[in-house]
Amino acid sequence: MVFTLFYCRYYIQTITEWRWSDLKKDFIKHLEDESNRPRTTEREHSKEEKMKLHNDLMERYMQSALKKYNTEQNLDEDLGFEFVKAIKESFIVEGAVNFYRHFNFTAMQGSAIHLFFAEVIPDGESCDVSCCRLLQDNHNGRCLGCKNQGDPDLRHPASDSVYAGGHEDSTFPFLIDSDSEDDSD
Ligand SMILES: [Zn+2]
């Protein structure tokens, strides 16, 4: 009886110690693995890099819009407009499901530089171009989206029926300014 009790205590103690040391080894190995794990590329982007990625994507959207404009106007390579630079941009959300981007940008034909308006529906790396127009000096159509959610000075074609977004007088409450994210960690 005494022997049995002693044996049981010895057995339990041995198992407990073995498990504890085994756990400790596993935990140390886990910490080493974690410290050797490469950090994700997302975390490595600085604010400047994120801004450049955003600007590059916006330029691709504007290039797509201008390409569509040149095609619709039957302008071949010699006469077609060439993208120069972005001037203004707005991101508009309507009804929480419709997303639009409005742009002003300049483009060159020959030696003359002109101001353009474009509306695109973003779809990741690509977009659907819903409107691209060359603006005349007196063009300044109404857009409640740019007024409420983006840049109120962004200029639009004279007739607001040629672009889909910007007709709802609302603000989208959940837009987050990505620049305000805390990158301190
Ligand atoms: Zn607008």
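Which residues coordinate the zinc ion, and at what distances? The views below start from that site.

View 1. H102 (ND1), C143 (SG), C146 (SG) and H156 (NE2) coordinate the zinc ion at 2.0 to 2.3 Å. Donors are N, O and S atoms within 2.8 Å of the metal (3.2 Å for Na, K and Ca); water is not among the atoms, so sites may look incomplete. The site is tetrahedral, with angles of 103 to 116° among its 4 donor atoms. Four donors count as tetrahedral if all angles lie between 85 and 135 degrees. Along the chain the donor residues follow the spacing H-x40-C-x2-C-x9-H. H102 sits in strand β2 and C146 in helix α4 (residues 144–149), so this pair ties together parts 44 residues apart in sequence. Both H102 and C146 are buried (under 20% relative accessible area, 1.4 Å probe, protein chains only).

**View 2. Helix α3, residues 47–72.** This helix has 26 residues. From first C-alpha to last it reaches 38 Å, close to the 38 Å expected at 1.5 Å a residue (1.5 Å times one less than the number of residues). Helices (H or I, at least four residues) and strands (E, at least two) are DSSP runs, numbered from the N terminus. Buried residues in α3 are L57, M58, Y61, M62, A65, L66, Y69 and N70. Their cover includes β1 (82–94), β2 (98–109), β3 (112–123) and β4 (126–134). N74 follows α3 and has a positive phi, near 55°.

**View 3. The largest nonpolar core.** A nonpolar core is a set of buried Ala, Val, Leu, Ile, Met, Phe, Trp, Tyr and Cys residues joined through side-chain atoms within 4.5 Å. Elements giving two or more residues are α3, β2, β3 and β4. α3 gives the most, with 7 residues.

**View 4. Around F103.** Leaving out residues up to four places away in sequence, F103 touches M58, Y61, M62, K88, E89, F116, F117, A118, V120 and L154 (contact: heavy atoms within 4.5 Å). F117 also belongs to a second, separate core of 9 residues, which includes I92, Y100 and C146.

**Notes.** Residues are numbered from 1 along each chain as its sequence is written, and side-chain values use heavy atoms, leaving out hydrogens and water. In this predicted model, local features need pLDDT of at least 70 and side-chain atom pairs count only at pLDDT 80 or more, while totals for chains, interfaces and linings use all residues.

How values were computed:
Buried means under 20% relative accessible area, exposed over 50%, partly exposed in between (1.4 Å probe, protein chains only). Four donors count as tetrahedral if all angles lie between 85 and 135 degrees; four count as square planar and six as octahedral if opposite donors are over 155 degrees apart and all others between 65 and 115; anything else is irregular.
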